[in-house]
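Subject: Structure handover

Hi,

Here is the structure I promised to pass on. Please have a look at it first, and my notes on what turned up follow below.

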Amino acid sequence: MVTLIKRCKRHGILLGENADRLETDFTETFPAARFDPEAQEWVIPWEKGFYAQSNAVLEQFFATRGEALSHIDEC
């Protein structure tokens, strides 16, 4: 299961148990994504006003790879 954490200026993404399988496609599809070793999560900065669009793109990416999603809203 992948967890999407919505924050006000960035998304946090926990790739879950299939992280090894997902990581290459994820970083190629989202080149702005960076792993934050302190938070132990992937992060993607987003501009205000594009959160819904960015969330939909992330959801589609993971759904097409058969991943279940959970959401945490911290914004």
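The protein has two helices and five strands, where helices (H or I, at least four residues) and strands (E, at least two) are DSSP runs numbered from the N terminus. Along the sequence they come in the order β-β-α-β-β-α-β.

A word on provenance before the details. This is a predicted model, in which local features need pLDDT of at least 70 and side-chain atom pairs count only at pLDDT 80 or more, while totals for chains, interfaces and linings use all residues. Residues are numbered from 1 along each chain as its sequence is written, and side-chain values use heavy atoms, with hydrogens and water left out.

On confidence: pLDDT is the predictor's confidence in each residue, from 0 to 100. The protein averages 88, and 91% of its residues reach 70 or more. Helix H1 (residues 19–29) has the highest mean, 95, and helix H2 (residues 51–63) the lowest, 83.

Now the overall shape. A compact globule of 75 residues would have a radius of gyration near 11 Å, and the protein agrees, with 11 Å; the radius is taken over C-alpha atoms, and the globule rule is 2.2 Å times the number of residues to the power 0.38. Along the principal axes, the C-alpha atoms fill a box of roughly 30 × 25 × 20 Å. Of the 75 residues, 33% count as buried (buried is under 20% relative accessible area, exposed over 50%, partly exposed in between, with a 1.4 Å probe and protein chains only). Taking contacts (heavy atoms within 4.5 Å) between residues at least 6 apart in sequence, 63% join residues at least 24 apart.

What sits inside? The largest nonpolar core has 13 residues, and Ile13, Phe26, Phe30, Ile44, Leu58 and Phe62 have the most contacts inside it. Such a core is a set of buried Ala, Val, Leu, Ile, Met, Phe, Trp, Tyr and Cys residues joined through side-chain atoms within 4.5 Å. Strand S1 (2–6), H1, strand S4 (41–45) and H2 each give two or more residues to this core, with H2 giving the most, three.

Ile13 lies in strand S2 (residues 10–14) and counts as buried because its relative accessibility is 0%. Leaving out residues up to four places away in sequence, Ile13 touches Val2, Thr3, Leu4, Phe26, Glu41, Trp42, Ile44 and Phe62. With that same exclusion, Leu58 touches Leu4, His11, Phe26, Phe30, Ile44 and Trp46.

A search of the whole structure finds seven aromatic pairs (rings of Phe, Tyr and Trp, its six-membered ring, with centres within 6.5 Å; planes under 30 degrees apart are stacked, over 60 edge-to-face, the rest tilted). One of them joins Phe35 and Trp42 edge-to-face, at 5.5 Å centre to centre and 70° between the planes. Phe35 is partly exposed, at 38% relative accessibility, whereas Trp42 is buried, at 12%. Ring pairs link Phe26, Phe30, Phe35, Trp42, Phe61 and Phe62 into a cluster.

Finally, a loop residue: Glu17 is placed between S2 and H1 and counts as exposed because its relative accessibility is 73%. Glu17 and Val2 are 15 residues apart in sequence and 8.2 Å apart in space, C-alpha to C-alpha.

Enjoy exploring!

Best wishes
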